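Work through the exercises below with the model open. Try each task before reading its solution.

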Amino acid sequence: MAPTAAFFDLDKTIIAKSSTLAFSKPFQAGGLITRRAVLRSAYAQFVYLVGGADHDQMEKMRQFMSQLCTGWDVATVREIVADTLYNVVEPLVYDEAVSLIEEHRLAGRDVVIVSASGSEVVEPIAAMLGADRVIATRMEIVDGRYSGEIEYYAYAEEKARAIRELADQVGYDLENSYAYSDSVTDVPMLEAVGHSYAVNPDKELRKAAAAHDWPVLVFVKPVALRARVPLPPAKQTLAALAVGGAVAVGGVLWANARRRRLGA
């Protein structure tokens with residue numbers, strides 16, 4: 001029998017906010033962004049949670065985030081994420097999402113996190129959750145710093161393409177696999193598998209879910225992972241990936257977009 005997988009979007013599907021914006025204060029403390037940028041991030045987070053993000057917003061986001069991280073030292077970003085991961089992200093994980101991940105793993109399915117956020121943030125979070133694989137955005141690194149160019153953007157149709165490519169490599173039976181997301185931009189990802197669920201859907205995804213007859217799930221209970229039964233440890237390969245990859249670039253990172261140098 002062919003293996004199957006459960007593909008999860010990250011922001012507002014597994015965790016209760018943007019994974020990248022969650023690190024605004026640690027990035028400020030590390031000298032990467034200003035206090036003003038943190039305040040802008042807080043506002044962006046509110047807009048993101050209330051209104052979701054359509055294709056136009058995501059395109060603006062892509063431009064802003066590539067400008068924002070230009071010149072950031074890769075080692076500094078990795079160190080900040082590693083040092084603050086549990087304090088920042090661990091209390092934001094949806095209890096319902098943790099239960100689903102546990103159920104899929106007990107059923108023998110691989111758990112794959114698929115996110116437009118950067119691998120520098122996504123991979124450590126995935127390791128914390130015990131995920132098996134990650135599909136995430138990567139940014140170009142030149143001489144130990146982020147150049148501002150996006151090397152790979154895991155967004156919209158590209159998520160579906162990457163899922164199919166991974167299925168070809170691993171042998172996943174996508175018809176018997178699962179997918180979960182909150183955003184209409186992930187409709188191609190949801191269409192790529194046989195069992196799709198809209199989680200805390202935005203208005204347009206709710207319409208798409210009705211048209212496709214996809215069940216709607218409502219996650220409302222962020223919980224500290226320490227309060228739950230410990231999740232299975234991530235595979236060594238995923239843990240190793242956490243030291244490579246790209247800066248956090250997903251979410252509505254309007255903050256400090258025009259600044260192209262450290263600090264200030």
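Buried means under 20% relative accessible area, exposed means over 50%, and partly exposed lies in between (1.4 Å probe, protein chains only). The model is predicted: local features need pLDDT of at least 70, side-chain atom pairs count only at pLDDT 80 or more, and totals for chains, interfaces and linings use all residues. Residues are numbered from 1 along each chain as its sequence is written, and side-chain values use heavy atoms, with hydrogens and water left out.

**Exercise 1. Classify Ser 181 and describe its surroundings.**

Step 1. Locate Ser 181: strand 5, residues 178-181, holds this residue. Strands (E, at least two residues) and helices (H or I, at least four) are DSSP runs, numbered from the N terminus.

Step 2. Check burial. Ser 181 counts as buried because its relative accessibility is 0%.

Step 3. List the contacts (heavy atoms within 4.5 Å). Leaving out residues up to four places away in sequence, Ser 181 touches Asp 9, Thr 13, Asp 186, Leu 190, Tyr 197, Ala 198, Val 199 and Leu 205.

Step 4. Follow the side chain. It reaches the backbone nitrogen of Ser 183 at 3.3 Å.

**Exercise 2. Which residues touch the most other members of the largest nonpolar core?**

Step 1. Define the set. A nonpolar core joins buried Ala, Val, Leu, Ile, Met, Phe, Trp, Tyr and Cys residues through side-chain atoms within 4.5 Å.

Step 2. The largest core has 47 residues, and Phe 8, Ile 14, Trp 72, Ile 113 and Ile 125 touch the most other members.

Step 3. Trace the suppliers. Elements that each give this core at least two residues include strand 1 (5-8), helix 5 (95-106), strand 2 (110-118) and helix 6 (119-129). Helix 4 makes the largest contribution, 7 residues.

Step 4. Look for a second set. Another core, of 23 residues, lies apart from the largest one; among its members are Ala 167, Tyr 172, Ala 179 and Ala 209.

**Exercise 3. Is Val 216 buried or partly exposed?**

Step 1. Find Val 216 in strand 7, residues 216-217.

Step 2. Apply the cut-offs. Val 216 is partly exposed, because its relative accessibility is 34%.

Note on methods: Polar contact = N/O pair within 3.5 Å; in protein donor to acceptor, adjacent residues only side chain to side chain.
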